[in-house]
Structure formats: C-alpha cells, structure tokens
Amino acid sequence: MAKQAVNTSTHSPAELETYLREMLFIRHFEEKCNVAYRQGKAGGYMHVYIGMEALAVGWLNSIRKGHDYVITAYRDHAHALLLGTDPIAVMAEVMGRKAGTAGGKGGSMHIYDPKRGFFGGWGIVGGHVPIGAGLAFASRYRGDDRVTLNFLGDGAANQGVVFETLNMAGLYNLPCIFIIENNEFAMGTRLEYHAADTELWKRGAPFDIKSERLDGMDALQMKQDAQRIVDWVRQNGKPYLVEIMTYRFSGHGAADNDRQLYRTKEEEEAAFQRDPIKRLQRHMLELKLLSEETIEAIDEEIQEEVEKIYEAADASPFPDPSEVYDNIYSDMMPEQGH
Amino acid sequence: MPTTMEMTYREALQKSMIEEMDRNADVFLMGEDIGRYEGTFKVTKGLFPKYGHRRVIDTPITEAGFSGIATGAAMAGLRPIVEFMTMSFSFLALDQIINHTAKVHYMTNGEVKCPIVFRGPGGAAKQLSAQHSHSMEGWYAHVPGLKVVCPATPADIYGMLRTAIRDDNPVIIYENPGLYGVKGQVPDDPDYTIPFGKAQILREGTDISLVGYSRMTQVNLVAAELLEKEGISAEVVDVRSLLPLDTETIYASVKKTHRAVVVYEDWRSGGFGAEIAARIAEDCFDHLDAPVTRVGGLNVPMPYARVLELQCIPDEHDVLAAVHKLS
C-alpha cells in the first residue's frame, strides 16, 4: 500500500483552510455537474472528481501556476478550477454554452486554459500522455525551468503509447511528472483484472525513471509529497512517475448508473470513511483551527457560490450555428455544407 | 525575377528545411534514423552534423509516441517537422494525428495552435510490397483540421514545404518516393512560398483534362505527350494541394475541355481521386461531354514481384486507355 508517513503538519492554518475550501469547492462543483447532467443540461460523457479531490489539490498547489504545464484526461474539471480557470466558463462548457472555455465545442472532457498552462482535457485513454511529454520537451528544448504535470488514470497506464512516452521521457530527460491517478477502476474493470502487476508505480523502472507510490486521500500528505517531487524535477530536469492511491466515490461517468456491477456497497462504504474532505476537517478540528459551526458555514458558503455559478452558466446562451466552422483552422475553412 | 537552379526533388526539399531551420530556431526535426543515419531516403543527409542532436532528433521506433511528443511541443509554440520513414508507418500514429493533432485548434476554440509538419515518402517505391507502399493522402485529406499537400515538382516541394513550416496548422506532406530523383528548376529564393489551395496547369490543352497530383502529375505529363502524337490535346492539371482543394482551377479546365480523367496512385475505390471526380460531376455536369473517369491503383495489397507491382500502379498507358474510352 501507499506510504503512510506521519503527518507532521508543516502547513500554516491559512494553507489548511485553502485546501479545505478547494476540496469542498470541487466536491460541490462536481455534484452540481451531476445535477446538470440529470436535468439534461449536460450531455455526452461527463466524469467527476468526487473522492479524488486531495490528489489534485496537493499537486496543483505545488507548482508555479500559469508557468508550469498541466495536462490530463477527461476527468478534468478539478485541474482547471485549481489553476484558476473561471468556474462559470467551466460549468458553461459542461453545458455546451458559448461562454464555455471552448465556446461549447469541447464539453466536459475538453476543458482548456492555455493561458494558465492547462492543455486539456483529452478523451482517448492514454492518448494525451505523449502530448504532455511534448510540452515538457518544449521546456527542455528552450532550456526553461517549467515542470509538466501529466495526469493519467490506472486504465491509461496499460496503453502502448504510454510506454512509448515513458521511454522517450527517460531517453530525452524530459521534466515531466507522470501522475497515475489510481482510483482502482478502468471504467468498470478493477485494477486486478486489467493490470498484470497491480503495482503501477513500477512502470517507471524499465525506463530509468524515478518512481514511487503515494497516498492520495490525505491532502496534506499529498501536498508535501507533490512539492518534494516537483522541486526535484525542476532541479534535476528529469522525469518522475508516481502512482497515487485514490478512489472515485462516484461512477466512472455520469452514465454509469450501476456501480454494483463492479464493486460492492460495503467496499464503497469503507472507501467513504477515507473521504479526504472529512479527514482534513477532523484534523483541523483536532488542531482547533475550526469549529463544527465554521465547518458548516464554509460548506454553505461554497454551496451558495456553486449555485450562483450554475445559474450564471445556465443563463448564458448556446453557440450560434454560424460558429460551427470557426477555429477548425487558424486561417481557412473546410468545404462547407452537407 | 529570381534566378533558378536545377536540382532534384530531394535536394529542393532539403534546401527548404535548412533555410527554415536557419531562419527560425523553433524549427526542429524528429524521426527515425534521420540524424546519425542521415535518413532512409537521405533527405536529411548532413543535417545532424550541422544542427546537432538538439534540433535533429533520432527517435525510437515508436511513431505514435513521437508524433504525440511533437504535437505537444507544437502546442507549446515550437515548430516540429516529423519525418515518417515511410508514410505507411504513420498508421501507427493515426490516433495521435487524427484524434489529437487535428483536434487541438477546434477543441480549444482557437486558443491553441498546432504548427506541425508530418512528412515522408508515401506510395509505392520499388518492390517494397504490401506493408510499405500505401498511399494514405486520401485518408488524411478526409480529416477537417489537417492540411494535405502532394507536391509533384522540385520547385513545388521547395515552396510548399516552406509554406507548411510557416503554417500555424498541422500539415501533411506526401512525397512519392519516385519523385525524389526528379530534376527541375527551383527558384533561388529563401522566401519562396507556394500558397496552399492553388492548383496549377502544367500543360495547356483543349480536348481533355488530366487531373492528378504527386507522381501521377508526372505520369499525366508523359501521357499528354503521347496523346499529342495522336492528335488529342490534353491539359494537365496538377492539383498540388488536396486540403484545401482548388476546385476553381480544376473546374475552369473541365469547363474548357469538357472531359476529365482523374489519376491517382491510391486504391481506386475510395481514394481521393474519387472525391475530385465526385465534385466535378456535381458541379460541372452541364459542361461535361462524357462521364468523369478515374484511373487509380488496382485494389490489391501491393505485391512484391516487379511485374505485378507495375501492374498495380497507374502509368501513362492506363491514362491513355481511359482517354480512349471517352473519345
């Protein structure tokens, strides 16, 4: 299992509250996305980050936001929100609105914010992993000190192109951190049924990439580990691979309505006990940084904020049909008409 | 008028790459055996000693992986030129090129550009048989988000490669291996570019339009010579660029000659020539004195024996036969 280092909280009270608020914001935002889906305001494929919040919070608080590069697959709302992307634009994209991050052309799976270093938002399992390495390649080519966070799932870890990429990352010394978000399921297929060796962290070893397995359910521990690794990669200009043990509390996607096909309610109950939000709240209560009342007040405040985001996104218009050909190319149109 | 120099297609291609690499430090090359080994078709000969391993990058034999890395580098603002040892190997990278590279600009609603060139020899060379002889330009030209060009002459590869490198969108350059040794006059101008989407008339005629691209344009020029001896005046339309496609020039020729034969090396069924033929039929119907005809490669996995291979690839006699059927 993941290392369970003693939490020697080196974090200030303000930091703890920030992490708590960020995790709560993601939780409520994602729950609202589920509402949008159920109400028919979001369609297609949508994948929420509920249960995995500590992971993204730990990593995205360890980089230089707007300077470093970040890329992930289709479970991508949290990464954008943590980088500072306008949450109304993220919600509007989920709803396919003109005010969305991609003007309604991408949807939930394709959130981008290049100005903040966020390069997607990709839908083919493992397909974006070489692209992330390419961002790191650009840093190496230019000799700048950017670090790339390249998130992928446990399912993606089996894709051929991921192994190709790890080889080249090792070969060319790319400053790229491959972060396997191991939530134990490749869609509905449990880790032990999809990976010959379930210790995915070992997959860096054949390519001479430093690798380790970490706990992703404790925000403070995650942040500490992430900061250590980000600093090492920035310093050494070499790749790193981490397997983060986490668990998605919800289904694979919004259309995954029968989780009991691949896991039991008892297993889920046990996982819910490891809820990273409750864990941090308990910790802050113990340190007397928070009271039960303030916990509730913060929760309500964030829920209201998310409600306003939802309403603002929902009030925004759909794209105009005249926009359909826009931005296929930077300088031309394809042949038009049916 | 700029002066011209005689050189081969291969030399013109290399000259264009060198001039752009000298002009812009963000331009670099990636591919299998392109550096120390100088490239399988020797297109990159001399570049590794000149630019070093930073800008002439030998890759592992992992087409999907390095196409993806180049795509990411392009998204971060660099201008990669990716060489496929043969375009048949780009099958391994189709998910990257079609489902990633070609989607970047649209999925970001124009926020991210992807200035990348994928180039390499495509089509039959000589007895490379079934797995190394594919014409895939039509596969790529099917994809919104890509530009696809198939230059037929040294001057065109010189000017169109430069246009591709300076383009902010992904460009596929299809180089038929049979063209590398072809000689021609090339402008001596390091800023010579040829805009995409402009077909050219390489030989004027009045009786029939021979429409083709890449090496088939050379075949059409030979066919036109032979037809002239028979008293048939053939116009040779070199399409040059499949996506964007210059239908205006093609249609103008067809409206003049009232007959068209579309020639392409790819499998006859479903190749890009079928698209050109369909457009002519759709838009020039009233001007046609005969059905639009296609001459394509035989629908066969490319065989090894030279006699069988030559049977599969269209040549001037196949073009003549098609023309005779229409007359």
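Start in chain B, with an open sheet of seven strands in the order S3-S2-S4-S5-S7-S6-S12 and mixed pairing. Two strands count as paired if DSSP finds at least two bridges between them. Strands (E, at least two residues) and helices (H or I, at least four) are DSSP runs, numbered from the N terminus.

This is a predicted model: local features need pLDDT of at least 70, side-chain atom pairs count only at pLDDT 80 or more, and totals for chains, interfaces and linings use all residues. Residues are numbered from 1 along each chain as its sequence is written, while chains are lettered from A and ligands numbered from 1 in the order in which they are written.

**Stop 1: the sheet of chain B**

Angles run from 0 to 180 degrees between N-to-C directions; axes are lines fitted to C-alpha atoms, for helices over the stretch in contact.

Now pick S4 (residues 79-83) and S5 (residues 117-121) of chain B. They run parallel, joined by three bridges. Which residue of S5(B) stands opposite Val82(B)? Phe118(B) does.

Residues are in contact here if their C-beta atoms, placed from the backbone, lie within 7 Å.

**Stop 2: chain B as a whole**

The C-alpha trace spans about 60 × 45 × 45 Å along its principal axes.

**Stop 3: chain A as a whole**

Switch to chain A. Eleven helices and eight strands are found there. Its radius of gyration is 20 Å, close to the 20 Å from the globule rule for 338 residues, so chain A is as compact as a globular protein of that length. Its C-alpha atoms fill a box of roughly 60 × 55 × 40 Å, taken along the principal axes.

**Stop 4: H11 and two crossing helices**

Select H4 (residues 87-94) and H11 (residues 292-315) of chain A. Their axes come within 8 Å and cross at roughly 55°. H4(A) and H11(A) are therefore oblique to each other. Angles under 35 degrees count as roughly parallel, over 145 as roughly antiparallel, 65 to 115 as roughly perpendicular and the rest as oblique.

Look at the side chains. H4(A) brings Pro87(A), Ile88(A), Met91(A) and Ala92(A) to the contact; H11(A) brings Ile309(A), Tyr310(A), Ala312(A) and Ala313(A). By class, that is eight nonpolar, no polar and no charged residues. Nonpolar means Ala, Val, Leu, Ile, Met, Phe, Trp, Tyr, Cys and Pro; charged means Asp, Glu, Lys and Arg; the others, Gly among them, are polar.

Next, select H1 (residues 13-38) of chain A. The axes of H1(A) and H11(A) come within 9 Å and cross at roughly 45°. That makes H1(A) oblique to H11(A). Contact residues include Arg21(A) and Phe25(A) of H1(A), and Asp299(A) and Tyr310(A) of H11(A). This contact divides into seven nonpolar, two polar and three charged residues.

**Stop 5: where the chains meet**

Show both chains. The contact takes 33 residues from chain A and 34 residues from chain B. On chain A, H5 (129-142) and H6 (160-171) each supply at least two residues of the side that touches chain B. H5(A) gives the largest share, nine residues. The side of chain A that touches chain B has 19 nonpolar, ten polar and four charged residues.

How values were computed. Two residues are in contact if their C-beta atoms, placed from the backbone, lie within 7 Å. The radius of gyration is taken over C-alpha atoms; the globule rule is 2.2 Å times the number of residues to the power 0.38.
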